[in-house]
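These are my notes on a two-chain model. I went through confidence, the interface, the core and a few backbone angles.

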Amino acid sequence: MAKSRAFDIRRQTGFVPIALACFVLLYLPIILLVIYSFNAGESIAIWEGFSLQWYVSAWQNDKVQDATILSLIIAASASVIATSAAVMAALATTRTRGFKGYTLVFAMINQPLMIPEIVTAVALLIFFAMIKVATGYTGLMYLIIAHSAFCIPFAYMPIRARLQGMDLNLEQAGADLYGTPWRVFRRVTLPQLWPGVLAGGMLAFVISLDDVVITEFVKSAGQDTLPTYMLGQMRRVITPEVNAISTALLAISVALVIAFYLLSKGGNQSTGRR
Amino acid sequence: MAHKSETQATRRRWLLLSPAMFILLFAASGPLLIVVIYSFLTAGDYGGVVWSFSTDAWFNVVVERDFFDDTLSFSDAHLSIFWRSVKLSLMTTFVAFIVGFPTAYFIATRPKNSRDIWMLLIMIPFWTNLLIRTFAVMEIIRNEGVVNSVLVGLGIIDQPIQMLFTEFAITLGMFYVYLPLMVLPIYASMERFDFSLVEAAYDLYASRWRVLRRVIFPIVKPGVIAGSILVFVPSLGAYVTPRVLGGGKHLMLGNLIELQFGQGRNWPLGAALSITLLAIVMIALIFYVRSAGREEMSHG
């Protein structure tokens, strides 16, 4: 005891300063970006007093409005589709002894995590261009299905984790009491699985909302989401309006991530940690 | 009877898997095959392709045909972009390791109940928009940005240093956006580390550096390898960061690929470059899986 107080075995020279510098480095740029979104002046470098004018001007900008609505439509649709597909896939792949084709299924689900986004983006550009020529359809479905695909692994992970920690006995009991499979799923499995589903859905939503590369390549003319609109703006003179939009997007992401954290933490506690 | 329920279970399983598989096949795996096919076609004059077999695109990845006398030479432009992509990705990975390792160590040595909060602090930026974080870096290092203003204000420099639109900016940006990917796996392998091993080493008169190198590092090495791959792979395929922070002057592979579908109007070349990038990434991943497998065998 006396030894550990005099000589901390965990200490490594210079590690604490580097770690603290790392946290400062991670947050300083974001905090400055948020601060300058409230700047009264035109500049994103010189502080001229507090003002909400850039939020007002972003709010009144038609293009920003359209992009916001489009972003939300795509993120909502893609996260619902991806989460539903992920719940079914998780039910099929957990709590089994493994099956023929398991490795392939697993590789396919995780593919969007492994393959560089630019490659998928190019592949979708080519493939959807063929479909566009063949069918003449240029609507939103291309973006929604592309987003659904890369959201699936993010929705799948927390759902699978939740499912693995669940007690099979309750479902067995439900089936023994002559519950139909659907009834057992709705009344026994789903309520227990729900925190995982919610967490997966939220991650999918954030991932879809933040996507730039695939959206940039897949979108048809006039289908700008907030990130692709901002990317377009960065070629020109940047005003704090972009900061204001960024801050709003940041706020949504941070709120969802913290909610996700609390949800998955609460979930672990209720099932009891080992 | 048993056989029947077995087939029923199989049918149910594939039925449950079908929506996810369909979406992924349609919008992720399937299109990749089309990219392979496109890389063997002839470029159309105004973008798109002509459906006739050609290996020109694959030659053009590294070789250039002279416009006037048809002689072949190595394509300096492409090779320098390949080299820059690899160089900046390696540098990013290295710096991320130098900063990420101590940070993961710091978090793993905090009291148990506060570790989750520290990790949350690492992960929050990661889940926020990559474009926004890149943009935040851009604001800091631009000529009128905070770094230059402070340095000029303190009288350390007279003129702002041009940092934006350089390779340094790209490396800094990639480091900044991918750092959490280094910290996460190192922390995961360090969290279960048994510090009585360190105590034993000190009892045997080991120095701190020796303990770090000979006791701690070998045990968390799988985490370091995983983190390095996780940072290297997206850096190599980065598109947004070099576009925003490189200002179109310092292209990386991702930008070169995009160019072929935009101004370049050479879709087969773009396809061939994409497959090349994919191949490099796959080699890195296979290397990782094999080293992880070996690690498991030697410990299990």
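I took helices (H or I, at least four residues) and strands (E, at least two) as DSSP runs, numbered from the N terminus. Residues are numbered from 1 along each chain as its sequence is written, with chains lettered from A and ligands numbered from 1 in the order in which they are written. This is a predicted model: local features need pLDDT of at least 70, side-chain atom pairs count only at pLDDT 80 or more, and totals for chains, interfaces and linings use all residues.

Confidence. I read pLDDT as the predictor's confidence in each residue, from 0 to 100. Chain A has a mean pLDDT of 85, with 93% of its residues at 70 or more. I marked residues 1–5 of chain A, where pLDDT stays under 50, and residues 269–274 of chain A, where pLDDT also stays under 50. I counted a contact when two C-beta atoms, placed from the backbone, lie within 7 Å. Beyond four places in sequence, the model has one contact for residues 1–5 of chain A and two for residues 269–274 of chain A.

Interface. I found 64 residues of chain A in contact with 68 residues of chain B. On the chain A side, α2(A) gives the most, with 11 residues. That side divides into 53 nonpolar, seven polar and four charged residues. Here Ala, Val, Leu, Ile, Met, Phe, Trp, Tyr, Cys and Pro count as nonpolar, Asp, Glu, Lys and Arg as charged, and the others, Gly among them, as polar.

Core. A residue is buried if 20 or more other C-beta atoms lie within 10 Å of its own, exposed if 12 or fewer, and partly exposed in between. A nonpolar core joins buried Ala, Val, Leu, Ile, Met, Phe, Trp, Tyr and Cys residues through C-beta atoms within 7 Å. The largest one has 157 residues, and those with the most contacts inside it include L124(A), A20(B) and L24(B). I listed the partners of L124(A) beyond four places in sequence: A146(A), I214(A), F217(A), V218(A), A27(B) and P31(B).

Chain B. I noted 12 helices and four strands in chain B. Buried residues make up 42% of its 300 residues.

Backbone. I looked up two positive phi values in chain B. F165(B) has phi near 65° and is found in the loop between α6 (146–153) and α7 (167–191) of chain B. F165(B) is partly exposed, because 18 other C-beta atoms lie within 10 Å. Y205(B), not a glycine, has phi of about 65° and is in the loop between α8 (196–203) and α9 (208–236) of chain B. Y205(B) counts as exposed because it has 7 C-beta neighbours inside 10 Å.
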